[in-house]
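User: I am new to this structure. Please walk me through it in short steps.

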Amino acid sequence: MIKCIKNTTAILCLVFATHAMAKNCTEVRAGIDMGSGTTKILVSEVNVCTKTLGKVLFAQEKPIGFNEDLAKSANNQLSPEIQQLGVTTLKALVLQAQKFHPARITGVATAVFRTAANGPQVIKQFNHQAHVSLRVISQKQEAELGFLSAKAALNDPKIKDTDLLVWDIGGGSMQMTTYNRINGVKTPEIYQGKLASVSLKDMVIEVMMNKDLKQVSSPNPVGPLAGEILRWVNFYARTHVNPQIMQAASSKKVVGIGGVHGYSIKDQLHPINNQYSAADLERVAQMKITQSDAQLSGDYRATDVTNLLLVEGFMQALNISDVTIVKANLIQGTLLQ
């Protein structure tokens, strides 16, 4: 039997102790996701005891075309110009984040920095100049971090890891991650793809339109090529995605994260309850395939239309009925680590 404490002093001590414990568990942290086309920063309270996210204090993102720059490179290196833009933008974001006095500023760099010959050196220089701690991660690490971020953003204790498939699409890579129970052990299953937002757009320009990426940066208006692009993406997905992921995609709750889902698709579809179907993608794509960049809007108009076709093609090939968009990238997972 639990005895109630009637002594007022004892009760106050208990209240203060509980408050102090909660305060000691709370830490302000800043996280950075330096992607192939967008750099994001997030400052949030983190409960280090329960490993959960608290109040978001600051969030911002800036487009930096690292992938576009690398595609035009003759020596597979990021140019001095894009490096300067990168460090200038990063410093400005960090300056804003520092107003909240984070205990640490850590982050990750993804696909383009794995691909570029000077990628690790560029990140090392960014760390030195912006006084942050970024690390280039593998695609497997990116997938697992994306899953952790999505689960944290869902904030639903009833959902188990084995209930989900997290679909992360960025500028230079795509990951699909789920977990299965194998002999009683929770085991990750990951699709690591190279076809993503910028890589599809570049392929359409170079291969289907037979144009030079150094002179043409957008495929818009896509026009009659839309059907061919959709068929090609469908074929690519059917021949590249492993059977375990295919099965999970058609049977589990599919959660979309990353820049393509969180911004491009969401801003074009305006989905009810953040959920959309392939039919929604098709409807909007039919309206936009005839539009030029001048008729489209936003910082990512060059990839917006091909993004619709990319996601629709994968949904068709993998029999995905619908996708729930969650506002998450790699930062949530980074903050919790």
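**The disulfide and the sheet**

Analyst: The torsion about the S-S bond of cysteine 25 and cysteine 49 is about -85°, so this disulfide is left-handed. A disulfide here is a pair of cysteine sulfur atoms within 2.5 Å. This is a predicted model, where local features need pLDDT of at least 70, side-chain atom pairs count only at pLDDT 80 or more, and totals for chains, interfaces and linings use all residues. Residues are numbered from 1 along each chain as its sequence is written, and side-chain values use heavy atoms, leaving out hydrogens and water.

User: Which parts does the pair of cysteine 25 and cysteine 49 tie together?

Analyst: The S to S distance between the two cysteines is 1.9 Å. Cysteine 49 sits in the loop between S2 and S3, and cysteine 25 in helix H1 (residues 8-25), so the pair ties together parts 24 residues apart in sequence. Helices (H or I, at least four residues) and strands (E, at least two) are DSSP runs, numbered from the N terminus. The tied parts are helix H1 and the S2-S3 loop.

User: Is serine 44 buried or exposed?

Analyst: Serine 44 is found in strand S2 (residues 38-47). A polar atom of its side chain lies 3.3 Å from the backbone oxygen of lysine 55. Buried means under 20% relative accessible area, exposed over 50%, and partly exposed in between (1.4 Å probe, protein chains only). Serine 44 has a relative accessible area of 1%, so this residue is buried.

User: In what order do the 5 strands of the open sheet come?

Analyst: Two strands pair if DSSP finds at least two bridges between them. The pairing in this open sheet is mixed, and the order is S3-S2-S1-S4-S5.

User: Which are the edge strands?

Analyst: An edge strand of this sheet pairs on one side only. The edge strands are S3 (52-63) and S5 (133-136).

User: What is the bridge partner of valine 43 in S3?

Analyst: S2 and S3 pair over 9 bridges, in the antiparallel sense. Valine 43 has its partner in S3, and that partner is phenylalanine 58.

User: How many residues lie between S7 and S8 in their hairpin?

Analyst: S7 (residues 174-182) and S8 (residues 185-193) run antiparallel, joined by 9 bridges. Asparagine 180 stands opposite threonine 187 in S8. In the turn, asparagine 183 has a positive phi of about 55°. The number of residues between the two strands is 2.

Conventions
A polar contact is a pair of N or O atoms within 3.5 Å; within protein, one must be able to donate a hydrogen and the other to accept it, and residues adjacent in sequence count only if both atoms are side-chain atoms.
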